[in-house]
Amino acid sequence: MSGDGFFDVPSDLQHSYLGLVALHLEEALIPVAGGLVLALLLAQLCVRHGWLYPPVLWGATVVYAIPSLAIFVVLIDYTGQSRTTVMIPLTLYTLVVLVPAIVDGIRSVPEETQAAATAMGFGPWRRFLRVELPIAVPAIFAGLRGATAASISLVSVGALIGNQGALGNMLTDAMFYHRPMLAVSSVVTTAVLAVLADILLVVGRNLLTPWMPRGGRAETTAATLPGTLPAPRQKLESSR
């Protein structure tokens, strides 16, 4: 076992400090990416078939309310004590944030813009990819910021099923070896990773939306896009 410094990690974790950081990011970001793909598909269906939105959002909320340990118990028989067992619930948890963010962003597209795209021969999926998604980018990134921060935080629960919690494993070792510095290192590093990820997402959003006013609200309407006419903001339907 190593010393008691901030970067000293017990040998039973089988990773260096940087190795745990890389593992933590992998287990956190892959679920966010998978959740984004799944949320895009669900959001498209919810927008096209409005009756689907309440049950989809209800289902995502119910899954989010299920303790991760309960999902681990169900999955262990199929995926074992592996990273996959940790990443599956993290992927599902992102939906409760990403689906409403994407749906709200798409619904903010004015009817005039959608009608113009249809008149140009855009089908539903082409209109979704070429018109609706670009306008919804700020709302999507707002959802991504919340989902990413939550995922980075929740990776630590993987320590409940063995050595799969990345930086969270340092919390259990802090108690086992009576080394408080391990807990400090885990908590501080996790917080720093969440902040850095959030900064990168803000930078990415700014690069993808040069037309969006800076220092203001994260949401957008088509009125801020160049070449579009202002349109009254439509009231979003309640999903509750």
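The model is a predicted one, in which local features need pLDDT of at least 70 and side-chain atom pairs count only at pLDDT 80 or more, whereas totals for chains, interfaces and linings use all residues. Residues are numbered from 1 along each chain as its sequence is written, and side-chain values use heavy atoms, with hydrogens and water left out.

The chain contains 8 helices and 0 strands, these being DSSP runs numbered from the N terminus (helices H or I, at least four residues; strands E, at least two). Of its 240 residues, 42% count as buried, a term that denotes under 20% relative accessible area, against over 50% for exposed and the range in between for partly exposed (1.4 Å probe, protein chains only). Among contacts (heavy atoms within 4.5 Å) between residues at least 6 apart in sequence, 70% join residues at least 24 apart.

Leu23, which lies in helix 1 (residues 17-48), counts as buried because its relative accessibility is 9%. Leaving aside neighbours within four places in sequence, Leu23 is in contact with His15, Arg83 and Ala166; Leu23 and Arg83 are 60 residues apart in sequence, with 9.5 Å between their C-alpha atoms.

The axes of helix 4 (residues 83-107) and helix 6 (residues 124-154) come within 8 Å and cross at roughly 150°, where axes are lines fitted to C-alpha atoms, for helices over the stretch in contact, and angles run from 0 to 180 degrees between N-to-C directions. The two helices, helix 4 and helix 6, are therefore roughly antiparallel, since angles over 145 degrees count as such, under 35 as roughly parallel, 65 to 115 as roughly perpendicular and the rest as oblique. Residues of helix 4 including Leu90, Tyr93 and Val97 meet residues of helix 6 including Phe128, Glu132 and Ala136. By class, this contact of helix 4 with helix 6 has 14 nonpolar, 4 polar and 1 charged residues (Ala, Val, Leu, Ile, Met, Phe, Trp, Tyr, Cys and Pro count as nonpolar, Asp, Glu, Lys and Arg as charged, and the others, Gly among them, as polar).

Helix 7 (residues 169-176) and helix 8 (residues 180-208) pack at an angle of about 165°, with their axes 7 Å apart, and helix 7 and helix 8 are therefore roughly antiparallel to each other.
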